[in-house]
Amino acid sequence: MEKFFKLKENGTTVRTEIIAGLTTFMTMAYIIALNPNLLTNFDVGSALWNGVFMATCLASAFAMFCMAFLANKPFALAPGMGLNSFFAVVVANIAGLTGMTYVASFQAALVIILIEGIVFIVLSVLNIREKIVEAIPLGVRLGIAPAIGLMLMNIGFGSNAGVYSETGGPFFMMRDFFGALTPSVASAAMGSGYPTMVLQVVTTFIGLFAIVILAKKGVKGAVLLGMLVASVIYWAGSFALGGNPFASLATASFVPPFSDMMSTTFLKFNFQGFLQIGWFTAITLVITFCMIDMFDTIGTLVGTASRAGMVDKDGNMPNMKEALLSDAFGTVAGACTGTSTVTTFVESASGVEAGGRTGLTALTTGVLFLACIFIAPIAAIIPAAATSAALIYVGVLMLMGLKNVDFGDMDQMVPVAMMLIGMPISSSIGHAIGLGLISYTVIKVFTGKAKEVSVLTYVISALFLLKFFLIV
């Protein structure tokens with residue numbers, strides 16, 4: 001252990017590192033169920049859901065092993081929130097554009113993730129990723145995470161609480177439950193789905209407030225525990241309504257669903273389907289995924305390292321290149337196994353707060369993710385309302401990035417405002433970033449500050465303009 005991780009040099013012990021790894025796992029384990037739910041549109045128990053479940057565990061573990069042994073840093077990685085929602089939207093758009101099945105469209109979208117990962121490996125080796133980030137306007141960088149947060153909250157309050165009944169559907173929380181003037185009107189409109197809708201809403205809010213209260217009290221694993229509280233309430237309510245939320249366990253197998261992953265996602269790259277979306281759309285999507293992942297990863301690494309005192313006097317983190325390479329390798333592994341972009345999780349900060357300073361923390365978390373491949377049936381019974389609560393909470397956390405925005409500077413505020421409103425309405429991270437870049441460029445050019453705009457910003461802004469007005 002000492003040889004690999006240099007524990008004494010980093011002022012830590014095996015015990016501290018293992019506890020830190022467990023703490024990190026507890027704070028981010030929600031992704032194991034939430035990721036396949038989001039990427040398969042809550043098609044729980046399907047072959048694709050099982051494949052994505054396996055991919056989530058395997059790709060995350062692989063990325064964390066890379067972080068442990070290449071960079072010797074305590075950072076955990078998994079399919080990124082926001083990026084997975086965007087991936088799901090892309091899959092749905094591909095299906096609508098080409099007429100392919102959802103699975104075939106999913107496999108076509110995996111090509112985008114593969115290209116992104118390969119691009120990141122090259123950029124990381126050449127030390128270009130940091131330079132690209134520096135060239136993007138500050139206002140746009142500051143606004144991406146909060147805008148994604150609003151989109152996640154929109155998803156959590158909206159589609160994740162969808163309910164069907166004999167009168168139609170899906171019914172949504174913010175549109176139908178709160179949109180109804182009285183319970184009697186809502187009940188008449190929703191038919192037999194009304195009790196389930198009420199249960200969904202109650203479960204989501206109790207789960208959300210449980211997470212917030214636990215987090216405020218400094219409880220480790222607040223997200224996971226809050227989801228558990230919400231799940232117990234939903235299960236009890238389901239029984240009270242005459243249902244059986246555990247019915248699927250009667251015929252479930254606790255053998256890891258390797259066969260489902262092999263048949264749906266493992267190395268199932270649909271290159272032919274990918275080419276059908278058009279070269280410009282493909283390039284735009286790759287650039288969008290790269291931009292978002294770069295901001296997410298570098299921001300998390302630098303921010304968490306600074307808090308832990310793992311940076312030098314100039315604010316630079318040792319082994320940054322290796323850490324970025326681990327992220328890139330994880331993304332390629334995610335594409336090969338069948339999930340969206342793997343990135344560094346901000347929940348890594350919980351492990352750092354618990355004393356994690358070396359790769360042994362990441363290794364511990366990775367081993368725990370591997371162990372989770374044996375509990376697919378258990379993960380599958382977690383209700384959508386519970387994951388909605390986690391989604392809303394993560395969205396709230398991402399909104400905290402607004403504190404870094406200078407609201408008195410229109411060069412920053414206008415692009416941020418464009419992204420804040422554009423992302424949840426369009427359900428497109430890429431389009432919102434395009435609006436932010438275009439607004440920033442226009443303001444600078446027509447206020448006599450065109451020289452302050454980087455060449456890269458001009459190029460990307462032009463690409464988005466072409467996308468919006470010339471490309472169907």
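Because the model is predicted, local features need pLDDT of at least 70 and side-chain atom pairs count only at pLDDT 80 or more, while totals for chains, interfaces and linings use all residues. Residues are numbered from 1 along each chain as its sequence is written, and side-chain values use heavy atoms, with hydrogens and water left out.

Two packed helices are described by the angle between their axes and the distance between the axes. Helices are DSSP runs of H or I with at least four residues, numbered from the N terminus. Axes are lines fitted to C-alpha atoms over the stretch in contact, and angles run from 0 to 180 degrees between N-to-C directions.

Helix 3 (residues 31–39) and helix 4 have axes that come within 9 Å and cross at roughly 140 degrees. That angle makes helix 3 oblique to helix 4; angles under 35 degrees count as roughly parallel, over 145 as roughly antiparallel, 65 to 115 as roughly perpendicular and the rest as oblique. The contact (heavy atoms within 4.5 Å) joins Ile31, Ile32, Ala33, Asn35, Pro36, Asn37 and Leu39 of helix 3 to Trp49, Val52, Phe53, Thr56 and Cys57 of helix 4. By class, 9 of these residues are nonpolar, 3 are polar and none is charged. In this classification Ala, Val, Leu, Ile, Met, Phe, Trp, Tyr, Cys and Pro count as nonpolar, Asp, Glu, Lys and Arg as charged, and the others, Gly among them, as polar.

Helix 4 (residues 47–71) also packs on helix 16 (residues 320–337), where the axes come within 8 Å and cross at roughly 160 degrees. Helix 4 is therefore roughly antiparallel to helix 16. From helix 4, the residues in contact include Gly51, Phe62 and Met67, and from helix 16 they include Glu322, Phe329 and Thr337. This contact divides into 11 nonpolar, 5 polar and 1 charged.

Helix 5 (residues 83–98) and helix 6 (residues 102–125) have axes that come within 8 Å and cross at roughly 120 degrees, so helix 5 is oblique to helix 6. Among the contact residues are Phe87 and Ile94 of helix 5 and Tyr102 and Phe106 of helix 6. The contact comprises 13 nonpolar, 2 polar and no charged residues.

The model also has 1 cavity of 30 Å³ or more. A cavity is a set of points, on a 1 Å grid over the protein atoms alone, where a 1.4 Å probe fits but cannot get out; lining residues have an atom within 4 Å of a point. The largest cavity holds about 50 Å³, a volume being the space filled by probe spheres set on the points, which are joined across faces, edges and corners. Its lining consists of Ile283, Thr284, Ile287, Ile460, Leu463 and Phe464, of which 5 are nonpolar, 1 is polar and none is charged. Helix 15 (279–307) and helix 23 (455–469) each supply at least two residues of this lining.

Notes:
1 Å grid on protein atoms, 1.4 Å probe; cavity = no way out; pocket = protein on both sides within 12 Å on 5 of 7 lines; lining within 4 Å.
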